[in-house]
Amino acid sequence: MHQTILRRTARGILAALVALAFGWPLAGPAAARDLTAEEGAIVALLDEYVTSFQTREAVEIAGYYHAPSSVIWSGGVLTLTRPIDILRFIESQKQAIAARDLARSEWTDLRIKQMSATLAVVSTAVVRYSSDGTELDRAGATYALRKTETGWKIAMLMIHDESAVLDLD
């Protein structure tokens with residue numbers, strides 16, 4: 001019973017997580033300066049990732065994640081240890097997006113800091129809209145990315161208040 005409640009709670013809370021990153025235009029301090037080649041690659045990856053929820057299968061979207069990876073929000077931590085865990089997480093997010101009638105999201109802020117040749121942090125705020133243009137909500141997200149042999153991967157996603165976007169300059 002506790003596992004069922006935990007799964008339902010996690011699905012409900014996580015339903016908002018990936019929807020947070022659904023169709024972002026570049027905005028904020030990252031747009032105000034020239035991006036390095038690596039920062040450009042990171043922005044391209046995130047753009048690809050968020051738009052993939054509209055056009056790709058969960059198994060393809062799961063490829064944007066590092067295994068293991070973590071999703072953190074005020075209600076808890078979800079550790080995605082195996083590729084199947086990532087796939088299940090993505091499937092739940094695709095269902096949540098459909099259920100909410102989420103049509104698009106817009107970045108209101110995007111900040112990138114490359115920490116080393118293989119590590120980066122991205123912090124952003126987003127406004128989400130339904131198919132009729134009604135604002136659904138606002139939120140913030142911070143990603144930790146790791147560059148692997150196959151490119152940048154999401155190692156950690158933290159959902160937070162819109163006002164808590166990190167100053168990465």
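In the predicted model, helix H5 lies across strands S1, S2, S3, S4 and S5, and runs at about 50° to S1. The length of H5 can be checked against its residue count: at 1.5 Å a residue, its 18 residues should span 26 Å, and the C-alpha atoms at its ends are 26 Å apart, so the two values agree. The buried residues of H5 are Asp85, Ile86, Leu87, Phe89, Ile90, Ser92, Gln93, Ala96 and Ile97. After H5 comes aspartate 101, which has a positive phi near 60°.

The protein as a whole contains five helices and six strands. Read from the N terminus, these elements follow the order α-α-α-α-β-β-α-β-β-β-β. Of the 169 residues in the protein, 45% are buried. The accessible surface comes to about 8,500 Å², and carbon and sulfur atoms account for 54% of this area. When contacts between residues at least 6 apart in sequence are considered, 61% of them join residues at least 24 apart.

The six strands form an open sheet with mixed pairing, in the order S2-S1-S6-S5-S4-S3. S2 (76-80) and S3 stand at the edges; each has a single partner strand, so one side of each has no neighbour in the sheet. From one strand to the next, the twist averages 20°.

S1 and S2 are antiparallel and share five bridges, with valine 71 standing opposite leucine 78 in S2. On to S6, the pairing of S1 is parallel and consists of four bridges. Within this pairing, serine 70 has methionine 156 in S6 as its bridge partner.

S6 also pairs with S5, in this case antiparallel and through nine bridges. Two bridge partners in S6 can be named here: isoleucine 159 is the partner of alanine 141, and isoleucine 154 is the partner of leucine 145. S5 and S6 are joined by a hairpin through two residues. The pairing of S4 with S5 is antiparallel as well and extends over 11 bridges; in S5, alanine 144 is the bridge partner of valine 121. S4 and S5 likewise form a hairpin, with four residues between them. Glycine 133 lies in the turn of that hairpin and has a positive phi of about 90°.

The largest nonpolar core comprises 34 residues. Those with the most contacts inside this core are Ile42, Tyr49, Tyr65, Ile90, Val122, Tyr143 and Leu145. Two or more core residues are given by each of the helices H3 (37-55), H4 (58-61) and H5 (83-100), and by each of the strands S1 (65-73), S3 (102-114), S4 (119-130), S5 (135-148) and S6 (151-160). The largest share, seven residues, comes from H3.

Apart from its neighbours within four places in sequence, alanine 120 is in contact with Ile42, Lys113, Gln114, Met115, Tyr143, Ala144, Leu145 and Trp152. Isoleucine 154 is 34 residues from alanine 120 in sequence, and the C-alpha atoms of the two are 9.7 Å apart in space.

Terms used. Residues numbered from 1 in each chain as written. Predicted model: local features only at pLDDT ≥ 70, side-chain atom pairs only at ≥ 80, totals over all residues. Heavy atoms only, no water. Core = buried A, V, L, I, M, F, W, Y, C linked by side-chain atoms within 4.5 Å. Buried < 20%, exposed > 50% of the residue type's maximum accessible area, 1.4 Å probe, protein only. Pairing = 2+ DSSP bridges. Axes fitted to C-alpha atoms, helices over the stretch in contact; angles between N-to-C directions. Contact = heavy atoms within 4.5 Å. Areas by Shrake-Rupley, 256 points an atom, 1.4 Å probe, with all protein chains shown as cover. Expected span 1.5 Å × (residues − 1).
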